[in-house]
Amino acid sequence: MFTSVPKATPLWLPILVLLIAMTSIQGGAAMAKTLFPLVGAPGITALRLGFGTIILCIVFKPWRLRFSREQRFPLLCYGLALGAMNYSFYLAIRTVPLGIAVALEFTGPLALALAGSRKPLDFLWVLLALLGLWLLLPLGKEIASVDLKGALLAILAGACWAVYILSGQRAGADHGPATVAAGSLIASLIFVPVGLVYADSGIWSLSLLPVALAIAVLSSALPYSLEMVALTRLPAKTFGTLMSLEPAMAALSGMLFLGERLSLVQWLGLLAIVLASAGATLTIRAGKPQISPVSDRVD
């Protein structure tokens, strides 16, 4: 895996690396969705979490970590939020296009970043986010032809993402990125059995193992390594702004690999959330929660 790049790396290279990481994540999500008819969304959650945890444990060896008493409850919340985020996101994309689901999920960390904002410009990002939600959610009028249950599950995944960020900041204060392996292990102990119980019978086919492993690599190991390279070579606000493009990357992935087509209204809603995320990243006050990439995202 990538761990470092030369000090004299030109700016375009870490940007390219980050774009590849986002493409990998969304490609993994699209691949996972193609398996829904065979194993179901709960089954995909079990496979993705299970194999992803194995990879992360091999890399970070979480059994070597020592957490203080004050960190143990945040670590438990972190793991539960991670598992619930995975589970609700995959349930959401059963009926919601990938790009829309990711855009709705982004409202979680966006709300966290804007919580308590008082600057006039920050209210512009709030309005843009609300506009995006209005355009993407049916709200009784079938505005965007989006399944309401699936949309609410995507928003739930976003809420779990916000909890993940808050609890991860406390649980990972001493261990940094290695904390994700411990959190993923906690999530797997709960949500892998649940996923297996509710999975379709096809999950027990040995022929699925290579695909499941590929999903875990594309969704966790590869993008996580690439993001670490980009994060050490880009200013934090540049990194966060580029990460705000992820809903658009998800929409493109859905178009290319799943044949999902969005209407003009849906594209406008997605664009509004992308702009709100990017704007909040650029203007948010120092010391406030940031819209930051998480090392083990679900999408």
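Biologist: Which helices each supply at least two residues of the nonpolar patch?
Modeller: Helix 3 (69–92) and helix 7 (179–198) do. Keep in mind that this is a predicted model.

Biologist: And where does the largest share of the patch come from?
Modeller: From helix 7, which gives six residues.

Biologist: OK, which residues form that patch on the surface?
Modeller: Phe73, Leu76, Leu80, Leu185, Leu189, Ile190, Val194, Val197 and Tyr198. Together they have about 860 Å² of accessible area.

Biologist: Let me step back. How many helices and strands are there in the protein chain?
Modeller: The count is 11 helices and zero strands. Read from the N terminus, the elements go α-α-α-α-α-α-α-α-α-α-α.

Biologist: What percentage of the residues count as buried?
Modeller: 56% of the 299 residues in the protein chain. The accessible surface of the chain is about 13000 Å², and carbon and sulfur atoms account for 73% of that.

Biologist: What about contacts across the sequence: of those between residues at least 6 apart, what share join residues at least 24 apart?
Modeller: 87% of them, counting within the protein chain.

Biologist: Where is the pLDDT below 50?
Modeller: Residues 1–5 are one such stretch, with nine contacts in the model beyond near neighbours in sequence. Residues 286–296 also fall below 50, and that stretch has 39 contacts beyond near neighbours in sequence.

Biologist: Switching to charges. How many salt bridges does the structure hold?
Modeller: One. The side chains of Lys33 and Glu260 make it, with 2.5 Å from N to O.

Biologist: Are Lys33 and Glu260 buried or exposed?
Modeller: Lys33 and Glu260 are both buried.

Biologist: Remind me, what kind of bond is a disulfide?
Modeller: It is a covalent bond that joins the sulfur atoms of two cysteines.

Biologist: Is Cys160 buried or exposed?
Modeller: Cys160 is buried, at 12% relative accessible area. Cys77, by contrast, is partly exposed, at 23%. The two land in separate classes because buried means under 20%.

Biologist: Now for the inside. What is Ile215 in contact with, leaving aside neighbours within four places in sequence?
Modeller: Gly28, Met31, Ala32, Leu35 and Arg48. Ile215 lies in helix 8 (residues 209–231) and is buried, with a relative accessible area of 3%.

Biologist: How far apart are Ile215 and Met31?
Modeller: In sequence, 184 residues; in space, 6.8 Å from C-alpha to C-alpha.

Biologist: What about the loops? Where does Ser244 lie?
Modeller: Ser244 is in the loop between helix 9 and helix 10. It is buried, with a relative accessible area of 0%. Leaving aside neighbours within four places in sequence, Ser244 touches Phe106, Val274, Ser277, Ala278 and Thr281.

Biologist: And Leu137, where is its place?
Modeller: In the loop between helix 5 (120–136) and helix 6 (148–171). Leu137 is buried as well, at 10%. Its C-alpha atom is 9.5 Å from that of Ile100, which is 37 residues away along the chain.

Biologist: Last one. What is phi of Lys61?
Modeller: Near 50°, a positive value in a residue other than glycine. Lys61 lies in the loop between helix 2 (36–60) and helix 3, and Lys61 is partly exposed, with a relative accessible area of 27%.

How values were computed: Residues are numbered from 1 along each chain as its sequence is written. This is a predicted model: local features need pLDDT of at least 70, side-chain atom pairs count only at pLDDT 80 or more; totals for chains, interfaces and linings use all residues. Side-chain values use heavy atoms; hydrogens and water are left out. Buried means under 20% relative accessible area, exposed over 50%, partly exposed in between (1.4 Å probe, protein chains only). Helices (H or I, at least four residues) and strands (E, at least two) are DSSP runs, numbered from the N terminus. Contact means heavy atoms within 4.5 Å. Accessible areas come from the Shrake-Rupley method with a 1.4 Å probe; for residues, only the protein chains shown count as cover. pLDDT is the predictor's confidence in each residue, from 0 to 100. Patches are made of residues with over 30% relative accessible area and no salt bridge: like charges are joined within 9 Å, nonpolar side chains (Val, Leu, Ile, Met, Phe, Trp, Tyr) within 5 Å. A salt bridge is a side-chain nitrogen of Lys or Arg within 4 Å of a carboxyl oxygen of Asp or Glu.
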